Amino acid sequence: MPNTSATGGYLLPAISPAPVEGNDFEDFLHDVIQGITGLDGTLIRPRWQPDPPNMPQVADSWIAFGITDIIPDTYAAEVPNSAGDGSIDLIRHETNQILVSCYGPTASVLASQLRDGLQVSQNRAVLVSAGVGLVSTGSVRAAPSLTKDRWQKRMDFEITIRRQILRNYPVLYLLSAEVELNAEGSSLITTPIEVTQ
């Protein structure tokens with residue numbers, strides 16, 4: 001059983017609520033990119049997969065993306081949560097930099113479409129509903145790729161997003177305590193104290 005503030009020791013965050021991370025966050029970003037570009041989902045791929053699929057044909061246009069930096073705020077906030085026996089919500093914000101590479105004959109069109117599509121508020125609504133905000137989209141730069149002795153058109157740019165991270169820790173509330181008051185020249189008084197929220 002995990003520790004609580006009553007047992008001492010290291011505290012682990014609760015399973016829920018928990019931020020969307022890892023593969024689930026990549027899936028979320030995949031769906032955003034697909035929605036804005038209209039590209040077939042099989043042609044939008046996370047970078048650095050353990051078992052990478054075969055590259056699309058040279059005549060196909062496709063996108064690879066990956067989070068290259070996760071920059072947290074220096075300090076997180078601890079906010080009391082009075083549900084049940086009580087706990088704290090640890091809230092922090094982090095900035096994520098995502099490298100997007102568009103390949104193929106329409107690479108520059110895909111890069112521009114994604115960059116500009118992120119500026120449309122309706123397209124950003126799904127980001128906002130997940131606690132993610134767009135910070136910026138960087139400049140699109142040519143980065144041709146040599147594959148099987150053939151040059152393939154490639155356009156790179158960065159998307160910078162900011163998101164809120166919320167984790168709940170079992171730091172229990174002090175609900176009551178028994179204290180001893182001892183004033184000089186008087187007898188010892190023991191009084192229970194109730195703490196209310």
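Which residues does S61 touch, not counting residues up to four places away in sequence? The close-up views below start there.

The model is predicted: local features need pLDDT of at least 70, side-chain atom pairs count only at pLDDT 80 or more, and totals for chains, interfaces and linings use all residues. Residues are numbered from 1 along each chain as its sequence is written, and side-chain values use heavy atoms, with hydrogens and water left out.

**View 1. S61 and its surroundings.** S61 sits in the loop between β1 (44–46) and β2 (62–72). Strands (E, at least two residues) and helices (H or I, at least four) are DSSP runs, numbered from the N terminus. S61 touches L39, L43, Y103, G104, P105, T106, A107 and L110, not counting residues up to four places away in sequence; contact means heavy atoms within 4.5 Å. With a relative accessible area of 11%, S61 is buried (under 20%; exposed is over 50%, partly exposed in between; 1.4 Å probe, protein chains only). Its side chain makes a polar contact with the side chain of T106 at 2.6 Å. A polar contact is a pair of N or O atoms within 3.5 Å; within protein, one must be able to donate a hydrogen and the other to accept it, and residues adjacent in sequence count only if both atoms are side-chain atoms.

**View 2. Strand β9 and its partners.** β4 (residues 87–103) and β9 (residues 154–169) pair in the antiparallel sense over 16 bridges. Pairing requires at least two DSSP bridges between the strands. I98 has I159 as its bridge partner in β9. β5 (residues 132–137) is also antiparallel to β9, over five bridges. Here S136 stands opposite T160. β6 (residues 141–142) pairs with β9 in the antiparallel sense over two bridges, and A142 stands opposite M155.

**View 3. The largest cavity.** The largest cavity holds about 90 Å³ of space. On a 1 Å grid over the protein atoms alone, a cavity is a set of points where a 1.4 Å probe fits but cannot get out; lining residues have an atom within 4 Å of a point. Grid points are joined across faces, edges and corners, and a volume is the space filled by probe spheres set on the points. L29, V32, I33, I98, V100, L114, L118, L127, L134, I159 and I161 form the lining. α1 (22–37), β4 and β9 each give two or more residues to this lining. α1 gives the most, with three residues.

Conventions:
On a 1 Å grid over the protein atoms alone, a cavity is a set of points where a 1.4 Å probe fits but cannot get out, and a pocket is an open set with protein on both sides within 12 Å along at least five of seven lines; lining residues have an atom within 4 Å of a point.
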